[in-house]
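I set out to record what can be looked up in this structure, beginning with a single residue and ending with the whole chain.

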Amino acid sequence: LFDGIYPFYPQQRKVSVFDVRTIIVIVVFLTFACSFLLIIPGIRGRVRLYWTLRVLLSLVVGVAIVAVQFTGDWETGWVTVNTSYKSFSRALVKGDIGLHVGLAGVNVTLMGNPVNQVNETINYNEHFAWSFDADYDHSYGEGLERGLPSPILYVAEKFTTQSPCSMHRQYRISSHYASATLWVAFCAWLISNMLFSMPVVVYGGYMLLVTGAFMIFSLLSFSTVRNSPMCPIQFGTVTLRTGYGGSFWLTLAIGLLCFVTGTTVVALHYFNLDLLKTFFDLQEDQAEEYQEMAEVYVNPRFVNKG
């Protein structure tokens with residue numbers, strides 16, 4: 001203590017929803033989209049509209065699959081509390097405590113209301129990772145050494161391996177399986193794009209169905225934590241409750257979009273093949289391939305011999 005003021009330890013900050021990796025993914029896919037828009041004027045007729053719809057739809061699916069891997073809002077929750085600020089102190093602060101669960105870890109946020117209280121700016125956002133190359137308990141120990149506010153440490157402690165709540169094991173395993181199935185969905189999306197560029201369009205539709213299926217599998221994997229009894233995060237008389245966040249619902253929406261698109265492609269293949277060929281610009285190639293000869297020239301000499 002320095003004249004009643006608690007020491008502040010500066011540390012690296014990480015935003016609760018978007019981080020640098022997410023921004024990089026979005027920038028890469030935006031670059032692809034802008035590059036395609038530059039060559040759009042060179043495509044003539046209605047094919048220009050079909051190409052634009054196909055490419056932009058494919059890029060939306062791809063960027064969603066990769067971006068949700070790094071977001072931190074698969075499960076979120078907020079609560080307004082009056083709680084102690086530091087250990088060994090009777091000072092109470094009023095603020096909003098947020099919990100943001102992602103596939104790579106958990107973010108705990110403390111926002112003062114107002115921000116300036118007890119001679120400090122109360123605006124914290126701490127990230128505790130549980131990925132394969134990270135040690136959650138070590139990150140929590142570093143938070144103790146830095147002297148983080150008590151509400152953040154209290155919430156983060158619920159996810160440690162030594163906690164009797166066993167929330168660390170539940171969330172870590174479900175997040176790893178969800179991440180793995182999403183990467184499989186990304187590979188299926190790449191294969192579907194390759195098949196859509198070939199005359200075998202129906203197989204691209206099948207792979208798009210596989211993409212949607214693995215995205216749904218990732219949601220089922222992450223939602224398994226709801227089937228286990230959750231340890232309450234209590235602040236006096238109020239409880240911090242969480243619900244599915246934006247990344248969860250975005251993954252669900254993109255998965256359903258893949259199902260609808262894949263089903264449409266397969267249905268058109270069996271019921272309206274000409275429309276499917278027109279949409280994928282295959283009419284001319286197929287016509288040239290199966291074009292019948294208008295005239296046949298036969299050598300009379302070989303006919304007479306016969």
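**Entry 1**

I located Leu190 in helix 5; helices (H or I, at least four residues) and strands (E, at least two) are DSSP runs, numbered from the N terminus. The model is predicted: local features need pLDDT of at least 70, side-chain atom pairs count only at pLDDT 80 or more, and totals for chains, interfaces and linings use all residues. Residues are numbered from 1 along each chain as its sequence is written, and side-chain values use heavy atoms, leaving out hydrogens and water.

I noted that Leu190 counts as partly exposed because its relative accessibility is 34% (buried is under 20% relative accessible area, exposed over 50%, partly exposed in between; 1.4 Å probe, protein chains only).

**Entry 2: The core**

I then looked up the largest nonpolar core, which has 64 residues (buried Ala, Val, Leu, Ile, Met, Phe, Trp, Tyr and Cys residues joined through side-chain atoms within 4.5 Å). Helix 5 gives the most to this core, with 8 residues. Leu99 is among the residues with the most contacts inside the core. Beyond its neighbours within four places in sequence, Leu99 is in contact (heavy atoms within 4.5 Å) with residues including Val106, Phe159 and Leu240.

**Entry 3: The whole chain**

I recorded 10 helices and 7 strands for the protein chain. Of its 306 residues, 43% count as buried. Among contacts with a separation of 6 or more, 68% join residues 24 or more positions apart.
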